[in-house]
Amino acid sequence: MIKKIGILTSGGDSPGMNAAIRSIFIHSIKNQFKVYGIFDGYKGLFKNKIKLLKYKNINNIIDKSGTFLRSSRFKKLKTIKIEQKIIENIKKKINILIVIGGEGSYKGALKLHNIGLPCITIPGTIDNDIYGTDYTIGFSSALEVIVQYIDNIKYTLLSHKRILILEVMGRKCGDLALYSCISCENCYIVTSKNKFNIDSLIKKIKKNKQKYSIIIITENITNIKKLSIEIEKRTNIETRFSSIGYIQRSPKPTAFDRILAFRMGYYAIKLIKNNITGTCIAIKNNKIIHYNINNIKNK
Ligand code: F6P
């Protein structure tokens with residue numbers, strides 16, 4: 001049976017998703033597999049937005065963030081009952097689905113795989129919150145944005161001897177906060193893992209003789225405006241707050257993310273060549289590996 005591979009990107013887009021699509025395409029063509037782009041994520045899969053990809057689609061995309069297939073959050077997928085008829089219809093166009101996305105997208109793939117649409121997942125999210133992989137595609141690029149932001153902002157903090165509370169993305173995962181803290185100086189982190197203790201944080205900041213401090217905090221933990229008021233009151237040091245926002249999701253993908261995307265795309269096609277589906281692709285100790293999709297859990 002001729003292999004007809006569908007690719008969709010789902011959830012929050014991440015830099016390097018385009019590079020992953022490109023890699024899947026290039027390696028598929030070498031094996032005479034057909035590649036279909038599914039537009040608008042899972043929503044597009046059910047609305048039949050499936051188009052055969054050609055070389056022209058993947059030209060000039062390696063350096064672009066976002067995803068040219070576009071993405072969406074399709075929460076209904078978790079709960080809706082998908083009739084077999086729908087799966088059979090989809091299978092007339094594609095017989096294997098590669099999903100590039102984060103945690104929620106993985107759960108969608110698991111559901112589809114278990115009702116008869118063979119799936120493979122590739123971790124694409126800036127959050128680095130996927131179980132089983134050391135890195136996700138997009139994490140390195142987002143981290144670079146945060147580090148550059150800190151490198152640039154510290155001189156104004158220094159000039160005013162201020163404290164800054166800096167909120168970064170990550171959903172529930174503190175990796176962006178942790179890695180950026182290690183990459184810069186005079187930073188303190190608050191993540192959901194390192195149990196937020198305001199007394200000890202204030203003690204550490206008071207001891208800092210470097211004239212500025214940055215508290216890097218993962219989103220969704222606390223109200224940063226209220227926190228800045230409290231810290232200013234208790235330290236007697238002017239405290240400002242700032243949230244980096246969506247720019248973290250939109251930079252040019254770093255070389256690391258492009259290479260990771262290339263390797264994972266290649267690996268996905270290698271699995272398909274060997275008739276292996278129902279798997280999640282990951283990187284562990286710099287080796288690309290896969291594990292059974294039924295084993296997905298929260299990181
Ligand atoms: O999952 C990626 C992410 O950027 C998270 O870091 C953030 O919490 C979320 O997406 C934002 O989602 P939305 O684009 O739906 O606002």
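**The ligand and its surroundings**

Guide: In the side chain of Glu219, an N or O atom lies 2.6 Å from an oxygen atom of the ligand. This distance, like every value that follows, is computed from a predicted model. The side chain of Arg73 also takes part, with an N or O atom 2.9 Å from an oxygen atom of the ligand. At Gly170 the backbone is involved: one of its polar atoms is 3.3 Å from a ligand oxygen. The ligand taken alone would expose 400 Å², and the protein buries 76% of that area.

The shell may now be considered as a whole. Around the ligand stand Arg73, Ile126, Asp127, Met169, Gly170, Arg171, Glu219, Tyr246 and Arg249. As for the space that the ligand takes, it is the largest pocket.

A further feature of the model is its aromatic pairs, of which there are eight. One of them joins Tyr135 and Phe139: the ring centres are 6.2 Å apart and the planes meet at 20°, so this pair is stacked. The cut-off behind that reasoning is that planes under 30 degrees apart count as stacked. Tyr135 has 27% relative accessibility and therefore counts as partly exposed. Phe139, in turn, counts as buried because its relative accessibility is 2%, where buried means under 20%. Phe139 also pairs with Tyr179 in an edge-to-face arrangement, with 5.0 Å from centre to centre and 90° between the planes.

Notes
Residues are numbered from 1 along each chain as its sequence is written. This is a predicted model: local features need pLDDT of at least 70, side-chain atom pairs count only at pLDDT 80 or more; totals for chains, interfaces and linings use all residues. Side-chain values use heavy atoms; hydrogens and water are left out. A residue is near a molecule or strand if one of its heavy atoms lies within 4 Å of it. A polar contact is a pair of N or O atoms within 3.5 Å; within protein, one must be able to donate a hydrogen and the other to accept it, and residues adjacent in sequence count only if both atoms are side-chain atoms. Accessible areas come from the Shrake-Rupley method with a 1.4 Å probe; for residues, only the protein chains shown count as cover. On a 1 Å grid over the protein atoms alone, a cavity is a set of points where a 1.4 Å probe fits but cannot get out, and a pocket is an open set with protein on both sides within 12 Å along at least five of seven lines; lining residues have an atom within 4 Å of a point. A molecule sits in a cavity or pocket if more than half of its atoms lie within 2 Å of its grid points. Rings of Phe, Tyr and Trp (its six-membered ring) pair if their centres lie within 6.5 Å; planes under 30 degrees apart count as stacked, over 60 as edge-to-face and the rest as tilted. Buried means under 20% relative accessible area, exposed over 50%, partly exposed in between (1.4 Å probe, protein chains only).
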